[in-house]
Amino acid sequence: MPTAIAVTSDDLVLPAPDRHTPGAALLHPPEQHDLESALAGTSALLERHGHLVALVPPWLPRATVQRLHTVRAILETDRIALLDIDLPPLGTALLARQLRQLSVCDFSPGVIASAARLLSHYIYAGALLGSVAKLDRVRVPVGLGAHARSWSPSAQFAVLAHPTPHLAKLGSGGGGRTGRGGSHGASHAAHGAGAAALPAGPDFATQLTFARGQLASDWVAAELAPAWQVQGVMENPLPAASPAWWGTPKLVEFAAGIPDLSVLYQLVASVRREQCRWCGLELIGDRCGFCAAPLTAPPPTAATSASTGRSRP
């Protein structure tokens with residue numbers, strides 16, 4: 001069986017792009033399942049799949065994160081990877097689907113787990129917002145002018161949170177210029193009264209997924225998708241965590257990523273594989289996804305060097 005890919009709520013499970021892509025495992029939060037049920041469910045997953053890779057974004061409730069670590073500690077297993085992934089909710093769901101696609105390939109569990117950090121760099125996650133008054137807490141810079149314009153009932157802002165934060169106020173018609181290719185954060189000259197320049201989109205083929213909140217707008221599908229030249233557009237229900245993450249329920253969230261399994265496979269396969277010096281699993285990049293050990297040992301501290309020097313004859 002392929003490595004299990006897990007999320008913490010069913011609204012983070014995007015539809016499979018084909019019949020070969022498995023579903024995601026669901027690790028229920030403490031308010032839904034008690035500890036005994038969580039232990040039994042996780043044990044069953046490990047028995048069936050061998051290894052479990054779970055996405056743990058920073059916006060999860062603290063009790064949910066603590067439950068995940070408690071289960072792993074009680075089971076005393078090194079076959080559970082808890083990956084800290086800093087993406088908005090819909091971007092997290094998109095990354096989970098990409099890992100589900102890769103789980104049926106001939107990659108080892110260690111490579112699949114460490115591939116999450118690699119793939120996250122190729123996800124463009126943002127939202128169309130009716131207010132940016134509470135956006136600062138998600139690390140997207142918001143100037144005083146944008147804060148002031150948030151009070152307007154007709155205000156709309158296009159925000160890119162990942163890979164490079166960018167905010168632009170759309171014109172009165174709900175449109176601003178976008179582009180594809182070029183460096184992250186690149187923009188074109190603004191046009192029209194109140195129109196603003198938007199960041200360039202990805203310079204590789206993507207599919208766009210969007211989810212509507214309480215903002216009535218077709219801007220993402222009608223304007224952003226053609227400007228970014230995406231291969232397809234898919235609408236999905238809005239994750240429950242999205243309004244809190246973006247600071248407003250008046251939003252349309254979007255995430256663009258590589259949809260083609262063959263491209264994902266080539267991307268991961270092109271990276272040199274190493275062996276974790278701590279747990280022995282394969283990995284790509286500079287850190288093991290299962291034990292979190294760095295690829296190379298950290299340099300000795302001054303205290304350690306002094307102690308070693310004193311111990312020499």
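Which strands does helix α6 lie across? Select residues 219-228 to find out: helix α6 lies across β5, β6, β10, β11 and β12, and runs at about 25° to β12. Axes here are lines fitted to C-alpha atoms, for helices over the stretch in contact, and angles run from 0 to 180 degrees between N-to-C directions. Helices (H or I, at least four residues) and strands (E, at least two) are DSSP runs, numbered from the N terminus.

This is a predicted model, in which local features need pLDDT of at least 70, side-chain atom pairs count only at pLDDT 80 or more, and totals for chains, interfaces and linings use all residues. Residues are numbered from 1 along each chain as its sequence is written, and side-chain values use heavy atoms, with hydrogens and water left out.

**The sheet**

Next, show the strands. Six of them form an open sheet in the order β7-β6-β5-β12-β10-β11, with mixed pairing. At the edges are β7 and β11 (233-235), each of which pairs on one side only. From one strand to the next, the twist averages 20°. Two strands pair if DSSP finds at least two bridges between them.

**Along the strands**

Select β12 (residues 251-257) together with β5: the two pair in the antiparallel sense over six bridges. G126 has F254 in β12 as its bridge partner.

Move to β5 (residues 124-129) and β6, an antiparallel pair with five bridges. Here L129 is bridged to F157 of β6.

Continue to β7 (residues 166-169), which pairs with β6 in the antiparallel sense over four bridges. β6 and β7 form a hairpin, with three residues between them. In this pair, L160 stands opposite H166 of β7.

**Confidence**

Finally, colour by pLDDT, the predictor's confidence in each residue, from 0 to 100. The protein has a mean pLDDT of 85, and 80% of its residues reach 70 or more. Residues 144-151 have pLDDT below 50, and this stretch has 15 contacts in the model beyond near neighbours in sequence. Contact means heavy atoms within 4.5 Å. Residues 304-308 also stay under 50, with one contact beyond four places in sequence. Where pLDDT is low, the predicted coordinates should not be read in detail.
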